Amino acid sequence: MIDFETPDRTGLAVTSFPLTAEMSQEAQQFLVKIFNKERGILILGEHAGILPDSFWEFIRQLQWPVLADPLSNIRGGAPESAQRFIVDSYDALLKHDGFRKAVEPDVIVRIGPQPVSKALALWLNSLEPALYVAVDESPMMRDPQSAVTHHIQAASDAVWTLESGGTKESHYANQWSEANRLYWEAVREHADTETDEGTLAHLLFEQSSECDLILSSSMPIRDADTFYRSAPRNVRIYANRGANGIDGVVSTAFGVQAANRRPALLLIGDLAFLHDMNGLIAATLQPSDITIVIMNNNGGGIFSYLPQSGEERHYEALFGTPTGLSFKDAAAMYGAQYDAVQSKEELMAALGKEKTAAVRLIEVFTNRRHNTETHRKLWGKVNGRLDERW
Ligand SMILES: Cc1ncc(C[n+]2csc(CCOP(=O)(O)OP(=O)(O)O)c2C)c(N)n1
């Protein structure tokens, strides 16, 4: 619908120069020594750019498990030869006591900021590691757990050119990849039989390709952590982390589209959508080709996972905050194509329809309590699988 090939002269063209300061010799030698260790994990936090080919060569040599945050943007592009090192299920795996103990590492290297996973954060904190190195181009020490022992301020690309260790015994990495395999088996089974926000998001992620995916705060980013499987699909993922605000997310999606000039897909909850609904006006101001999937669970679904959800008397007024709104009329107001769906089949049918407007809005009606119960069923299933080995 939109010609993204022709340069848009009205857009802001920014030429950026990457951080060029070389990593010091001392830091390089320090890292090379660490990369020789066998029981190491590499954690990749948010990284908006496209990783160079040298990254994959580095991973193949390193032979460590690579715990990839959905915002690391490597879940969408691992070549076959490096796929077995990518762990995209650690949030679930690290909820299992036996597995957590079995895979305690000798060394941790994190590139970029701390990933979204709470289970990972708790584990890193409990390990009290002797060697936890954060390589981050930010001059700030982004370390909410105060668990980092070394901070190297450098651009991540400075790491991929380092020597990453000779042949290693791959038993440690194999444990992670075996658990990762069991996890995705459980998810596949679960997604075949259940219908909730998580499984619907999984379906959406599985069929996404050649687009930018913008994730709202709250459950969308967490559902991506749980259900976005590493596979080649040329999807770049964005989210506003910062203070985890649910504000400005619709506008962010249009901003990403203006910068990248290719189709965009936004996954967002009903409250976050309501918060920035007027961001839709951007569609009249710039070329747009955007699909917005709203998970409408009538309020803040994330709070159902917290202990206060058992506090029946005040919970809905203080946390659930239902609005009772549906966004059909909002779609009409902004000239958006609209579909309301409740099932996997309906979601697939809506996504498969021809796109006839700059903005397509798919409103998925779900139930908060059912979402939480179904999520917990998956953890039970995954734990059952892991119990057999760990
Ligand atoms: C600007 C802002 N206000 C309030 C919050 C607190 N908050 C965090 S999650 C959330 C609920 C979000 O609901 P929704 O967008 O529908 O997503 P869901 O939780 O259902 O996935 C709220 C209000 C916030 N993070 N940012």
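## About the model

Because this is a prediction, local features need pLDDT of at least 70 and side-chain atom pairs count only at pLDDT 80 or more, while totals for chains, interfaces and linings use all residues. Residues are numbered from 1 along each chain as its sequence is written.

## Two domains

The protein chain divides into domain 1 (25-182) and domain 2 (197-366), with bounds that come from an automatic or database domain assignment. Taken over C-alpha atoms, the centres of domain 1 and domain 2 are 29 Å apart.

Where they meet, domain 1 gives 17 residues and domain 2 gives 17 residues; residues are in contact if their C-beta atoms, placed from the backbone, lie within 7 Å. The side of domain 1 that touches domain 2 has 8 nonpolar, 5 polar and 4 charged residues. Here Ala, Val, Leu, Ile, Met, Phe, Trp, Tyr, Cys and Pro count as nonpolar, Asp, Glu, Lys and Arg as charged, and the others, Gly among them, as polar.

## The parallel sheet

Let's turn to the sheet. An open sheet is built from 6 strands in the order E8-E7-E9-E10-E12-E11, with parallel pairing. Strands (E, at least two residues) and helices (H or I, at least four) are DSSP runs numbered from the N terminus, and two strands pair if DSSP finds at least two bridges between them. Strand E8 (235-239) and strand E11 (337-341) each have a single partner strand, so one side of each is left without a neighbour in the sheet. From one strand to the next, the twist averages 20 degrees.

Strand E9 (residues 264-269) pairs with strand E10 (residues 290-296) over 6 bridges in the parallel sense. Opposite leucine 266 stands isoleucine 292 in E10.

## Helices around it

Helix H11 (residues 249-260) lies across strand E7 (211-215), E8, E9 and E10, at about 160 degrees to E7. Such angles run from 0 to 180 degrees between N-to-C directions, with axes fitted to C-alpha atoms, for helices over the stretch in contact. Helix H15 (residues 344-352) also packs on the sheet, touching E11 and strand E12 (359-365), and its direction makes about 165 degrees with that of E11.

Helix H13 (residues 312-320) has 9 residues, of which the number buried is 0, so H13 lies largely in the open. Threonine 321 follows H13 and has a positive phi, near 40 degrees.

## A closer look at phenylalanine 99

Phenylalanine 99 sits in helix H5 (residues 97-102). It counts as buried because it has 22 C-beta neighbours inside 10 Å; the cut-off for buried is 20 or more other C-beta atoms within 10 Å, with 12 or fewer for exposed and partly exposed in between, C-beta atoms being placed from the backbone. Leaving aside neighbours within four places in sequence, phenylalanine 99 contacts Leu93, Ala179, Leu386 and Trp390.

Definitions and conventions
Contact = placed C-beta atoms within 7 Å.
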